[in-house]
Amino acid sequence: MLLCIRRYATEAKRQVNHSHFDLHAWPKSKRPSPHDIFDMDPSESAYKTRREYDSKLKSTYKKLIKMYHPDLAVSHDIVEGSTTLSASKKRARFDEIQKAYEVLKDPRKRIAYKKYEQTTWDDYKPGKTSSFEAYRMANAHRRQYSYENDPKLWHAATWEDYYQMKWGRSPPTAEELEKNKWKILYKVLIVASVAVVLQVMLAIERTDEFNRQTRLMNLRADADLRDSYNNFDEGRSQFQRMRRFLLYRRSGLDGRDDEATKKEENDILTRFAQQQVDKFK
């Protein structure tokens, strides 16, 4: 009997991990989201029905509770890689599981969490005094909202709730909209008219610029044609054209031996003169 008691007292705890409970690995993030903890699709598109979503959520929750509940976790050690989780670490994860489950099991809280889980300093707008903006300003330094401390946020799951929190008053009723419909229509028409006028002005400006560029191109083309017809002010006779050719040729042969250039030009002039003489034979 004493041997059995001693053996029971000294027997090591059973070592388990997530795979023993048919669970996914614990998220590596320091602040995992509820969807990460339960390995649930945030878009919920992977679930055909609400019942399928709830079934998976409850099944995962039961497995996590069996693994991390303080009364059950004392009988086994949770091993991740080469490390064993301490009792305080297991308790912290159990608390995270409870908070995540409270969010995911309530559709209104899920919607609110998706809307407001993140915020940045860009959301800070001075002068806003509504409870919604005050909440955003107070939590602008955080990566995630502390959703468990703000019950008002969880009730902002509809457009009416959001409007109330953002503007500090109830959304307009059907009677108010009916009363102000002509005023609203008038403002919409003004905005639309301004947009149309701006677009027309822009189109006219672009058309004028296109016409101006076209006229300028035509003027340049006409000037080039006139210059070529007048032999660039060098005369239109055959001799004058030959003279212009030699001048332009000499400018293109800059740097060559002058004697060689003169000899080539003399040869060209000789052939030209011979052609002129041959015409009278």
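The largest nonpolar core of this predicted model holds 22 residues, and those touching the most other members are Ile37, Phe38, Met40, Leu57, Leu64, Tyr68 and Ile97. Three elements, α2 (34-38), α3 (50-68) and α5, each give two or more residues to this core. The greatest contribution is that of α3, with seven residues. In soluble globular proteins, nonpolar side chains tend to be buried together.

Helix α5 spans residues 87-104, 18 residues in total, and its first and last C-alpha atoms are 26 Å apart, close to the 26 Å expected at 1.5 Å a residue. Its buried residues are Lys90, Arg93, Phe94, Ile97, Ala100, Tyr101, Val103 and Leu104.

Five aromatic pairs are found in the structure as a whole. One of them joins tyrosine 47 and tyrosine 53 in an edge-to-face arrangement, with 5.3 Å centre to centre and 85° between the planes. Tyrosine 47 counts as buried because its relative accessible area is 13%, under the 20% cut-off; tyrosine 53, at 2%, is likewise buried. A further pair, tyrosine 61 with tyrosine 101, is stacked, at 3.9 Å centre to centre and 10° between the planes. Tyrosine 61 belongs to helix α3 and tyrosine 101 to helix α5, so this pair ties together parts that are 40 residues apart in sequence. Both tyrosine 61 and tyrosine 101 are buried. Ring pairs also bring in Phe38, which forms a cluster with Tyr61 and Tyr101.

Histidine 24 is located in the loop between β1 (14-16) and α2, and its side chain reaches the backbone oxygen of isoleucine 37 at 2.8 Å. Not counting residues up to four places away in sequence, histidine 24 touches His18, Asp36, Ile37, Phe38, Asp39 and Thr60. A polar atom of the threonine 60 side chain lies 2.9 Å from the backbone oxygen of lysine 56. With the same exclusion of residues up to four places away in sequence, threonine 60 touches Leu23, His24 and Phe38. The C-alpha atoms of threonine 60 and phenylalanine 21 are separated by 9.5 Å, although the two residues are 39 residues apart along the chain.

Definitions and conventions: Residues numbered from 1 in each chain as written. Predicted model: local features only at pLDDT ≥ 70, side-chain atom pairs only at ≥ 80, totals over all residues. Heavy atoms only, no water. Helix = DSSP H or I, 4+ residues; strand = E, 2+ residues; numbered from the N terminus. Expected span 1.5 Å × (residues − 1). Buried < 20%, exposed > 50% of the residue type's maximum accessible area, 1.4 Å probe, protein only. Core = buried A, V, L, I, M, F, W, Y, C linked by side-chain atoms within 4.5 Å. Polar contact = N/O pair within 3.5 Å; in protein donor to acceptor, adjacent residues only side chain to side chain. Contact = heavy atoms within 4.5 Å. Phe/Tyr/Trp six-rings, centres within 6.5 Å; stacked < 30°, edge-to-face > 60°.
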